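Biologist: I would like to go through some of the labels used for this structure. Please set each value against its cut-off.

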Amino acid sequence: MKLPRQSLHLSDDSAFDLRHRYQATIEGLIEFVGTDDNGARGTMLEAVRIAQLATKSGESTSIALSLGPFGGTLRPTQEFLGFYPPPYGPRGYTDTGENTRCFENPNDEEAAVEALAVFHFNRIMVYANNEDVWEAIRYLAFETILLPREVTAIRKAVSMLKNQGFEKPWWISFVIPSDYPDANATEDLVKAATSPSCESPLPEGIGINCTSLQRLRSLVLRLPELVPESLKHNLLLVLYPNGGEYDEAGQCWKPRTDGDSVAWAKDFAAVLRVLVASDQWKGVIAGGCCRTYPSHIRELRAQTREL
């Protein structure tokens with residue numbers, strides 16, 4: 001991924017097209033859609049083909065394959081809670097008893113990492129085994145990752161992929177909810193993603209997504225101090241915050257106004273100017289996550305043309 005330092009790349013329809021294969025797995029499509037194995041594989045591959053059609057507009061566009069966490073495949077989804085059933089975690093989510101993310105036995109932790117690595121590897125191989133689809137994908141975007149063990153597992157999965165002869169530039173972005181109880185969550189995630197390892201490759205970039213812009217601002221300014229000195233200036237920073245505020249109590253998005261996209265773009269652009277000027281990253285990839293629309297990205301482009 002050769003991007004110049006101090007560069008800003010907006011992940012809109014002229015830069016990165018992230019197709020929503022975020023939650024798709026063969027098992028999930030069979031269970032919840034009622035298709036068979038071939039139908040599930042076809043559905044997953046068709047998303048990339050649709051992206052190819054959408055990018056044939058004459059503009060320079062790259063396709064990034066959106067790959068969410070294992071928790072995104074569960075019901076209820078666990079992206080923001082991280083309660084995974086065995087062997088992926090200590091215990092599945094329950095609304096009637098105690099929930100936990102922590103193992104008592106280190107061997108069980110290692111087994112969970114291996115199970116998660118196999119999950120991510122098998123899902124990517126659906127795309128890798130189709131030559132035309134794999135060629136169309138330029139980047140692998142692992143996103144909304146909450147648990148450090150899953151970060152470690154993703155690095156293992158990328159290593160397994162490489163051993164099969166398949167390689168793509170890739171990044172991993174974290175989600176750190178405001179009510180998450182672990183005060184060291186950001187540090188643990190960055191450490192899991194950037195610690196040197198002979199067996200697991202390092203990502204080309206790290207970042208944060210599916211987080212409010214207000215929270216992202218405080219989190220992202222701390223990231224450089226958590227990155228190993230040897231990797232500074234060599235990592236991309238990937239940021240795509242949400243475009244609205246979520247009402248946790250009411251379990252719904254708060255009403256928006258017509259000026260929301262302009263205000264969001266101005267606030268986000270101010271953060272991006274600081275990041276680009278700091279010269280601490282190889283480049284910055286910016287875009288929008290939940291509740292962002294083309295209007296948000298158009299406004300953001302207008303606000304950051306000088307970058």
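Modeller: Buried means under 20% relative accessible area, exposed means over 50%, and partly exposed lies in between, with a 1.4 Å probe and protein chains only. This is a predicted model, in which local features need pLDDT of at least 70, side-chain atom pairs count only at pLDDT 80 or more, and totals for chains, interfaces and linings use all residues. Residues are numbered from 1 along each chain as its sequence is written, and side-chain values use heavy atoms, with hydrogens and water left out.

Biologist: Why is Arg 149 called buried?

Modeller: Arg 149 has a relative accessible area of 8%. That value is under 20%, so Arg 149 counts as buried.

Biologist: What makes the contact of Arg 149 with Glu 109 a salt bridge?

Modeller: A salt bridge needs a side-chain nitrogen of Lys or Arg within 4 Å of a carboxyl oxygen of Asp or Glu. For Arg 149 and Glu 109 the N to O distance is 3.2 Å, so the pair meets the definition. The pair links distant parts of the chain, 40 residues apart: Arg 149 lies in helix 5 and Glu 109 in helix 3 (residues 106-128). Helices (H or I, at least four residues) and strands (E, at least two) are DSSP runs numbered from the N terminus.

Biologist: Why is Glu 109 called partly exposed?

Modeller: The relative accessible area of Glu 109 is 26%, which falls between 20% and 50%, so Glu 109 is partly exposed.

Biologist: How many salt bridges does a search of the whole structure find?

Modeller: The search finds 8. Among them is Lys 232 with Glu 229, at 3.4 Å from N to O. Glu 229 counts as exposed because its 61% is over 50%, whereas Lys 232, at 27%, is partly exposed.

Biologist: What makes strand 6 and strand 7 a pair?

Modeller: Two strands pair if DSSP finds at least two bridges between them. Strand 6 and strand 7 (residues 236-240) are joined by 5 bridges and run parallel, so they pair. Gly 207 has Val 238 as its bridge partner in strand 7.

Biologist: Which strand pairs with strand 6 over 4 bridges?

Modeller: Strand 5 (residues 170-174) does, also in the parallel sense. There Ser 173 stands opposite Gly 207.

Biologist: Why is strand 6 called mostly covered?

Modeller: In strand 6 (residues 205-209), 5 of its 5 residues are buried. Gly 205, Gly 207 and Asn 209 are buried on one side, and Ile 206 and Ile 208 on the other.
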